[in-house]
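Please keep the sequence and the 3D view open as you read.

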Amino acid sequence: MPTLILVRHGRSTANTEGLLAGWTPGVALDERGAAQAAALPARLAELPISEVVTSPLQRCEETIRPLLDARPGLRAHTDERIGECHYGDWSGRKLAELKDEPLMEVVQAHPSAAAFPGGESMRSMQTRAAEAVREWNARVERDHGADAVYLMCSHGDIIKSLVADALGLHLDLFQRIAVEPCSITAIRYTRLRPFLLRLGDTGDFASLAPRAEPPAADAPVGGGAGAP
């Protein structure tokens, strides 16, 4: 079965403003995010990518645009099932405000029980994304062969949930996974089990350096902004 390259969108204006973007329209890449997207074609140059699938949200479309420009033979397929979690009434709100919401404790410690007011549950988010991957695996293998490589551009919580699915982890453990903006995660699927080949690889270790403020104990909902 194929190898899936999961790319999280580059850093967005919502990331830098500390907002939980969700499906809020008009959220674009910031200057750093645009630079990350521009570097993506070179990072992926050695991979024979057969198909590109993207979330319909602007920040993902902007992230893969340089790759599509560099490879005129590729075109992007849009799949809403790998779009960001529907955060409902939380969308567009400051993450600093949301940390005091009682639901945030559930999101952090028991996400399989978390459902966003006016939005969807985290279980539903994982289910739709995993179903999309399985359908695309079959389609890519049918059209390009079992050794094909294809790419999906998606969002932090979606990618984390897909990694948990691949590793056989309960959704309640997915907050232990981190994927930075424009990071690359690779999963090779086989008939019996997937193999995680790369996780959140940016090629940049700056975000691992100690910071003036200690890192938060909670996982950044939506994925976080990455290195400063």
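This is a predicted model: local features need pLDDT of at least 70, side-chain atom pairs count only at pLDDT 80 or more; totals for chains, interfaces and linings use all residues.

Residues are numbered from 1 along each chain as its sequence is written, and side-chain values use heavy atoms, with hydrogens and water left out.

**Aromatic rings**

Let us begin with the rings. The structure holds two aromatic pairs. Rings of Phe, Tyr and Trp (its six-membered ring) pair if their centres lie within 6.5 Å; planes under 30 degrees apart count as stacked, over 60 as edge-to-face and the rest as tilted. The table sets out both pairs.

| Pair | Centre to centre | Angle between planes | Geometry |
|---|---|---|---|
| Tyr87 and Phe116 | 5.0 Å | 85 degrees | edge-to-face |
| Trp90 and Phe116 | 5.3 Å | 65 degrees | edge-to-face |

Where do these rings sit along the chain? Tyr87 belongs to the loop between strand E3 (76-78) and helix H4 (95-98), and Phe116 to the loop between helix H5 (102-109) and helix H6 (122-144), so their pair ties together parts 29 residues apart in sequence. Helices (H or I, at least four residues) and strands (E, at least two) are DSSP runs, numbered from the N terminus.

Together, Tyr87, Trp90 and Phe116 make up one aromatic cluster. Tyr87 and Phe116 are both buried, Phe116 with a relative accessibility of 3%. Trp90 is buried as well, with a relative accessible area of 2%. Here buried means under 20% relative accessible area, exposed over 50%, and partly exposed in between (1.4 Å probe, protein chains only).

Helix H7 (residues 156-167) has 12 residues and reaches 17 Å from its first C-alpha to its last, close to the 16 Å expected at 1.5 Å a residue. That expected span is 1.5 Å times one less than the number of residues. Of the 12 residues in H7, 10 are buried, leaving the helix mostly covered. Among the buried residues are Ile158, Ile159, Lys160, Leu162 and Val163.

Lys160 lies over the face of Phe174, at 4.9 Å from the ring centre. A charge sits over a ring if NZ of Lys or CZ of Arg is within 6 Å of the ring centre and within 35 degrees of the ring normal.

**The second largest pocket**

Which residues line the second largest pocket? They are Thr3, Ile5, Arg43, Leu44, Glu46, Leu47, Val149, Ile184, Ala186, Leu197, Arg198 and Asp201. Strand E1 (3-8), strand E5 (184-189) and strand E6 (194-201) are the elements that give two or more residues to this lining, and E6 gives the most, with three. By class, the lining has seven nonpolar, one polar and four charged residues.

About 270 Å³ of space lies in this pocket. On a 1 Å grid over the protein atoms alone, a pocket is an open set of points where a 1.4 Å probe fits, with protein on both sides within 12 Å along at least five of seven lines; lining residues have an atom within 4 Å of a point. Grid points are joined across faces, edges and corners, and a volume is the space filled by probe spheres set on the points. Ala, Val, Leu, Ile, Met, Phe, Trp, Tyr, Cys and Pro count as nonpolar, Asp, Glu, Lys and Arg as charged, and the others, Gly among them, as polar.

**Single residues to look at**

Cys182 lies in the loop between H7 and E5. Its phi is near 60 degrees, a positive value in a residue other than glycine. Most residues other than glycine have a negative phi. Cys182 counts as buried, at 2% relative accessibility.

Arg139 is in helix H6 and is partly exposed, with a relative accessible area of 33%. Arg139 and Pro2 are 137 residues apart in sequence and 9.7 Å apart in space, C-alpha to C-alpha.

Ala34 is found in helix H2 (residues 31-43) and is partly exposed at 40% relative accessible area. The C-alpha atoms of Ala34 and Arg11 are separated by 7.7 Å, and the two residues are 23 residues apart along the chain.
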